[in-house]
Amino acid sequence: MEDFEEMEMPTPCSCGEWFDLTDGFASLPDIQTTVCEECHDLQLEIEGLKEEIEELENDIANGYNKRENKKQLNCSKKDLKKLEDKYISRVSGF
Ligand SMILES: [Zn+2]
């Protein structure tokens, strides 16, 4: 993803931070958008949790370690909600 030419362009992130476009990251939900490092980190966490939740749901559907996995699934969903709220308030609260 490092083929953003040599632009030294200050770019506003949707969270209100400015960053040099060359230091930006492709946004995970929408790769046409470039976001700052902090938003990127948050997006990575959210994506990681989503994957975890998907795996847990698969395991549960397959009857694997159901009890533990359901508990874990509940926790992960709560964490995901928190992170998503954090992200939403980050990008809409400036
Ligand atoms: Zn940002």
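Tutor: Begin with K71, which lies in helix α2. This is a predicted model: local features need pLDDT of at least 70, side-chain atom pairs count only at pLDDT 80 or more, and totals for chains, interfaces and linings use all residues. Residues are numbered from 1 along each chain as its sequence is written.

Student: Is K71 buried or exposed?
Tutor: Count the other C-beta atoms, placed from the backbone, within 10 Å of a residue's own: 20 or more means buried, 12 or fewer exposed, and in between partly exposed. K71 has 11, so K71 is exposed.

Student: How many Å separate the C-alpha atoms of K71 and Q32?
Tutor: The two residues are 39 apart along the chain. Their C-alpha atoms are separated by 36 Å.

Student: What pattern does the chain follow along the sequence?
Tutor: Helices (H or I, at least four residues) and strands (E, at least two) are DSSP runs, numbered from the N terminus. The chain has 2 helices and 4 strands. Their order is β-β-β-β-α-α.

Student: Which elements do the buried residues of α1 pack against?
Tutor: Helix α1 covers residues 37-61. Its buried residues are C39, L42 and L56. Contact means C-beta atoms, placed from the backbone, within 7 Å. The partners are β4 (34-35) and α2 (66-92).

Student: Which residues form the largest nonpolar core?
Tutor: Such a core is a set of buried Ala, Val, Leu, Ile, Met, Phe, Trp, Tyr and Cys residues joined through C-beta atoms within 7 Å. F25, one of the members, touches T34, V35, E37 and H40, not counting residues up to four places away in sequence. The core has 7 residues: C13, F19, F25, V35, C36, C39 and L42.

Student: Why does N65 count as exposed?
Tutor: N65 sits in the loop between α1 and α2. Its phi is positive, about 45 degrees, although N65 is not a glycine. N65 counts as exposed because its C-beta neighbours inside 10 Å number 12.

Key. Expected span 1.5 Å × (residues − 1). Contact = placed C-beta atoms within 7 Å.
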